[in-house]
Amino acid sequence: MIRSYDRRIDRARVEDLERRCEVGPTERVFLFTDTLGDPICRIRNSPMYKMLVAELDNELVGVIQGSIKVVTMMNKPPKDMAKVGYILGLRVAPRQRRKGIGSSLVRELEKWFVANEIDFSYMATEKENEASVRLFVDKFGYNKFRTPAILVNPVQNRPSHISSNVEIAKLRIEDAESLYRKFMASIEFFPHDIDKILGNKLSLGTWIAYSKGDQSSWDSTGKVLPTSWAMLSVWNTGEVFKLWLGKAPLSCLIFTKGSRVISRFFPCFKLLPSLPDFFDPFGFYFMYGVHGQGPLAGKMVRTLCQFVHNMAMASKDCKVIVTEVGDQDEVRHHIPHWKLLCPEDLWCIKALKNDDVQERRRFLYEYLTKTQREKALFVDPREV
Ligand SMILES: CC(C)(COP(=O)(O)OP(=O)(O)OC[C@H]1O[C@@H](n2cnc3c(N)ncnc32)[C@H](O)[C@@H]1OP(=O)(O)O)[C@@H](O)C(=O)NCCC(=O)NCCS
């Protein structure tokens, strides 16, 4: 039986299922999630959301979540936007897999999307998650359409050096919103309720970096900008859920444990980077809306990332800083990350709406699946 999530009777059972369900390619790394008493926390901040559960003989055997919002879908004139439904958190109890439960959950969620007149349904998974890719692509007709880069940087035990030539200023929410609307609104998947994201309590703030010499040209309304500048915002994911590593290659385990021992007992080796212990639950900061302009934009992005790293060091359990950008986006070359820790992401999409705007839907659909992809992509922190 598939029905809506009911907190009173399902909360503990969903949390238990979440803890038992590894996510990640088998034989490599398994990540587990602790939703800290609120299994719906990952979608709660979206304008519309739904969570469904599957029950079999009174046992809770599956769960799925979905959210709906309006985003930019094209960045060529004429500008366009679409109502999209995002599918996440699909889990089926290990002993109940391959019985059609995952499919039933997806089917029911798609019905909710259709009832709410969404244009496209999309989901993200690890490229190597064969079960998930086959379910969505082979069985439900989703199209693979983006492979964004997830960039993961561990929080080190010493602060990053920040160039003294760079000025960093925190933006007021209104200023951040106007800058995002001015410079990023035409980027694919830019959320039209960006103001809600920036004003959310999980959003720790937006910062802008520019050269000190350029300071005179900076005006807090964003109307006059420095020659080179960059901005980004930070979302405190650790407030809503924690992750931990359940299984990892031996080399990763030895490196994690080994490097911590070395930096603790042999401080002279402190130049070696050390990995935090990912086997205990940890939180992370998600950097979103990373954008730069001008000849020194790369340096400004790098400096902002160093600034966020130092901010994360002061937080109790933030062990990594994560961001996700288009795989061809120039900005990725300036965001510090460890290749060893970066999973490969795959986004899949499907057109759902079936009414008088069929033609427009078909046009958008072809644009997304067949034409040259644009480089930048806005990844919504609410969907991490
Ligand atoms: C992915 C997952 C939800 C599938 O649930 P499920 O109930 O087993 O799925 P279904 O029985 O409905 O399978 C539907 C189709 O998906 C594909 N599929 C499912 N599991 C598969 C597997 N282990 N290997 C290959 N294909 C698989 C098949 O095409 C299958 O159709 P078939 O059984 O007719 O061949 C489940 O494996 C799971 O919970 N995995 C861990 C969490 C996860 O990775 N979630 C996805 C994140 S987006």
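The ligand is surrounded by 22 residues, the closest being Arg97, Gly102, Ser103, Ala131 and Leu135; a residue counts as near if its C-beta atom, placed from the backbone, lies within 6 Å. This is a predicted model: local features need pLDDT of at least 70 and side-chain atom pairs count only at pLDDT 80 or more, while totals for chains, interfaces and linings use all residues. Residues are numbered from 1 along each chain as its sequence is written.

**Ligand shell**
- Strand 5 (80-92), helix 2 (101-115), strand 6 (120-126) and helix 3 (130-139) each give two or more residues to the shell; helices (H or I, at least four residues) and strands (E, at least two) are DSSP runs, numbered from the N terminus.
- Helix 3 provides the largest share, with seven residues.

**Nonpolar core**
- Tyr285 and Met300 touch the most other members of the largest nonpolar core, which has 87 residues (buried Ala, Val, Leu, Ile, Met, Phe, Trp, Tyr and Cys joined through C-beta atoms within 7 Å; buried means 20 or more other C-beta atoms within 10 Å of a residue's own, these atoms being placed from the backbone).
- Helix 7 (residues 297-313) gives this core its largest share, seven residues.
- The core lies between domain 1 (2-147 + 344-353) and domain 2 (152-239 + 273-341), because both give residues to it; the bounds come from an automatic or database domain assignment.

**Strand 15**
- Six of the seven residues in strand 15 (residues 345-351) are buried.
- Strand 15 pairs with strand 6 in the antiparallel sense over seven bridges (pairing takes at least two DSSP bridges), and serine 121 stands opposite lysine 350.
- Strand 7 (residues 143-146) runs antiparallel to strand 15, joined by three bridges, with lysine 144 opposite cysteine 348.

Methods
Buried ≥ 20, exposed ≤ 12 C-beta atoms within 10 Å, placed from the backbone.
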